[in-house]
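This briefing is meant to be read beside the sequence and the coordinates.

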Amino acid sequence: RADLIGKYHPIIKTPNLDKLANQGTVFKNAFVTTPICATSRVSILTSLTERTHDFTFSRPATGVDESNSIYPKVLKDNGYRSAFIGKYEIALSGKAEDKFDYFKELLQSKTATYQGKEIPQTYHIAELAKEFIDQPENADKPWVMAVNFWDPHAHDRDTEDQYHYPEEFESYYADVTIPAAKFSQDDTFDQLPEFLKQSIGHVRWQYRYGTEAIYQKMVKRHYRAIMGVDKGVGMIYQKLEELGMADNTIIIYAGDNGYNINERQLAGKWFGWEEDLRIQMIV
């Protein structure tokens, strides 16, 4: 979510994102048009709002014209090599291989096997990105790559732990007390309309932030998952530096939606508040 970058946050540590922010431009007023992850990712790819591309969960694939207008294909049609790695979970018309030279769709998991070794999925995504960058065809041809990390998305079926992260971050924030979220008091929740009080946002809130102990545990786990993504970004950037590509590569780091972390006693996104709509964007 927009405020969870170490450069601007008093607790979370994100050295690699801080480096991107220091070397680039941070857009502090970046917003999505629909704070639903799959819908938003189609909007990012097509530059269209949901009412035009017409995709969300349980909807048919986006139309042929819209699907062929995604920026990786436009660049591919104009001489670039294109890649997509990580969280896909959308439906575009046509074959992926017509849009991407390198396509690695991954479902959510805690770990993955890469070159015979079990590693966190976030690092697996970074390794696949490095693999594409390293392809000899990219040495003398421009390329575009979309890297979609699953983390820090909750593992929704795991009501016990929700967020997962590389083991190396286990001790982080152990001695920190996370401040209360704004608008998280009972009287604020009491003012919500009935449909929000009964929504899945409040159902998930109960096992995600419903007591002080759970809130402390889950927010720290969420922060650690973000640290995993931060390290993954660093791994990719390091590969660009190794190959002498870093100074000739535009990196856009952005989210597909914001997040409620106990605001109004809600979890998740989907709503019209700033916490849901505002995203990180660094160029």
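The buried residues of helix H2 (37-46) are covered by elements that include helix H3 (50-53), helix H4 (64-67), helix H5 (71-76) and strand S6 (143-148). As the model is a predicted one, the points below describe computed geometry.

- Helix H2 is mostly covered, with nine of its ten residues buried, namely Cys37, Ala38, Thr39, Ser40, Arg41, Val42, Ser43, Leu45 and Thr46.
- Directly after H2 comes Ser47, a residue whose phi is positive, near 65°.
- In helix H1 (15-23), the buried residues are Leu17, Asp18, Leu20 and Ala21. Viewed down the axis of H1, these buried residues fall within an arc of 160°, so they line one face of the helix.
- This arrangement can be read against helix geometry: an α-helix has 3.6 residues a turn, so residues three or four places apart point the same way.
- Pro15, Asn22 and Gln23 are exposed on the other side of H1, while the cover over the buried residues of H1 includes H11, strand S7 (253-254) and strand S11 (281-282).

**Nonpolar cores**

- The largest nonpolar core contains 52 residues, and those with the most contacts inside it are Met145, Tyr209 and Tyr223. At least two residues of this core are supplied by each of helix H1, strand S2, helix H7 (121-133), strand S6 and helix H11 (212-242), with H11 giving the largest share, 13 residues.
- A second, separate core consists of twelve residues, among them Ala38, Ile90, Phe100 and Ala146; of these, Ala38 is also one of the buried residues of H2.
- Once residues up to four places away in sequence are set aside, Tyr209 touches Tyr163, Ile214, Tyr215, Met218, Val219, Tyr259, Asn260, Ile261, Asn262, Leu266 and Ala267.
- Asn262, which lies in the loop between strand S8 (260-261) and strand S9 (267-268), is buried, with a relative accessible area of 9%. Apart from neighbours within four places in sequence, Asn262 is in contact with Ala181, Ser184, Trp205, Tyr209 and Tyr215.

**Aromatic pairs and charges over rings**

- A search of the whole structure finds 13 aromatic pairs. In one of them, the rings of Tyr102 and Phe132 have centres 5.3 Å apart and planes at 45°, so the pair is tilted.
- That pair links distant parts of the chain, since Tyr102 belongs to strand S3 (residues 102-105) and Phe132 to helix H7, 30 residues apart. Both partners are buried: Tyr102 has a relative accessible area of 6%, and Phe132 has one of 0%.
- The rings of Tyr173 and Tyr223 have centres 5.7 Å apart and planes at 85°, so this pair is edge-to-face. It too links distant parts of the chain, with Tyr173 in the loop between S6 and H8, and Tyr223 in helix H11, 50 residues apart; Tyr173 and Tyr223 are both buried.
- The charged end of Lys104 sits over the ring of Tyr102, 5.4 Å from its centre, and the charged end of Arg264 sits over the ring of Trp273, 4.1 Å from its centre.

**Backbone geometry worth checking by eye**

- Asp151 and Pro152 are joined by a cis peptide bond with omega of about 5°, and Pro152 is found in the loop between S6 and helix H8 (186-190).
- Glu89 has a phi near 50°, a positive value in a residue other than glycine. Glu89 is placed in the loop between strand S2 (81-86) and helix H6 (96-99), where it counts as partly exposed at 33% relative accessibility.
- Trp270, although not a glycine, has a positive phi of about 70°. Trp270 lies in the loop between S9 and helix H12 (274-277) and is partly exposed, with a relative accessible area of 30%.

Key: Residues are numbered from 1 along each chain as its sequence is written. This is a predicted model: local features need pLDDT of at least 70, side-chain atom pairs count only at pLDDT 80 or more; totals for chains, interfaces and linings use all residues. Side-chain values use heavy atoms; hydrogens and water are left out. Buried means under 20% relative accessible area, exposed over 50%, partly exposed in between (1.4 Å probe, protein chains only). Helices (H or I, at least four residues) and strands (E, at least two) are DSSP runs, numbered from the N terminus. Contact means heavy atoms within 4.5 Å. A nonpolar core is a set of buried Ala, Val, Leu, Ile, Met, Phe, Trp, Tyr and Cys residues joined through side-chain atoms within 4.5 Å. The arc is that of the directions from the helix axis to the C-beta atoms. Rings of Phe, Tyr and Trp (its six-membered ring) pair if their centres lie within 6.5 Å; planes under 30 degrees apart count as stacked, over 60 as edge-to-face and the rest as tilted. A charge sits over a ring if NZ of Lys or CZ of Arg is within 6 Å of the ring centre and within 35 degrees of the ring normal.
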